[in-house]
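Subject: Structure handover

Hello,

Here is the structure I promised to pass on. Please open it alongside this note.

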Amino acid sequence: MKNAKYLMAALVALAGLTLSSVSKADISPITTVNDTDYGMWITIYDPFDSGHADYGCVPPRQTKTWSSGNYISIMAPYTVRAEMMSTPDCRGKKLDDLSVGASPNRTYMVSLISGGFTWSRVLGSPAQTPNEN
């Protein structure tokens, strides 16, 4: 138990040193693309699941770049959750709920394929394979 407290203190100190060395160059947006005819409510969670970094509705066939969470490349992966809604304004019934591990400066798209919603990485975005939950 005592060792666990020391380990936790060391991790907190290391995180503090890491965050203090972050420059503006390390902060990048996360972009989502709604490639469907449905509203897509996006929630972006920070890597430690301590809260929402960003959230909002992405209308059908629209792209949104999220940057208010100050996404730090070395803190990835963030979790991007897409709740697919029955109406374009995201106020209707929830049709599906998808999550992907995401890194800043990358673009992720939700599409409707063979009757099911799925995540994919947009071509031209740095290579990463999304993990659906």
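Below is what was found in it.

This is a predicted model: local features need pLDDT of at least 70, side-chain atom pairs count only at pLDDT 80 or more, and totals for chains, interfaces and linings use all residues. Residues are numbered from 1 along each chain as its sequence is written, and side-chain values use heavy atoms, with hydrogens and water left out.

**Overall layout**

The protein has one helix and eight strands. Helices (H or I, at least four residues) and strands (E, at least two) are DSSP runs, numbered from the N terminus. Along the sequence the pattern reads α-β-β-β-β-β-β-β-β.

The protein has 133 residues, and 34% of them are buried. Buried means under 20% relative accessible area, exposed means over 50%, and partly exposed is in between (1.4 Å probe, protein chains only). The protein exposes about 7800 Å². Carbon and sulfur atoms supply 55% of that area. Accessible areas come from the Shrake-Rupley method with a 1.4 Å probe; for residues, only the protein chains shown count as cover.

Take contacts between residues at least 6 apart in sequence: 55% join residues at least 24 apart. Contact means heavy atoms within 4.5 Å.

**The core**

The largest nonpolar core has 19 residues. Such a core is a set of buried Ala, Val, Leu, Ile, Met, Phe, Trp, Tyr and Cys residues joined through side-chain atoms within 4.5 Å. Ile 42, Ile 44, Val 80, Val 110 and Trp 119 have the most contacts inside it. Two or more residues each come from β2 (39–45), β5, β6, β7 (107–113) and β8 (116–121). β5 gives the largest share, four residues. In soluble globular proteins, nonpolar side chains tend to be buried together.

Val 110 is worth a look. Leaving out residues up to four places away in sequence, Val 110 touches residues including Val 33, Met 40, Ala 82, Leu 98 and Trp 119.

Most residues other than glycine have a negative phi. Arg 61 has a positive phi, near 60°. Arg 61 sits in the loop between β3 (52–58) and β4 (63–66), and is partly exposed at 48% relative accessible area.

Cys 90 also has a positive phi, about 65°. Cys 90 lies in the loop between β5 (78–85) and β6 (94–102). Cys 90 is buried, at 10%.

Ser 28 is in the loop between α1 (2–20) and β1 (30–35). Ser 28 counts as buried, at 12% relative accessibility. Beyond residues up to four places away in sequence, Ser 28 touches Tyr 71, Ser 73, Pro 104 and Asn 105.

Best wishes
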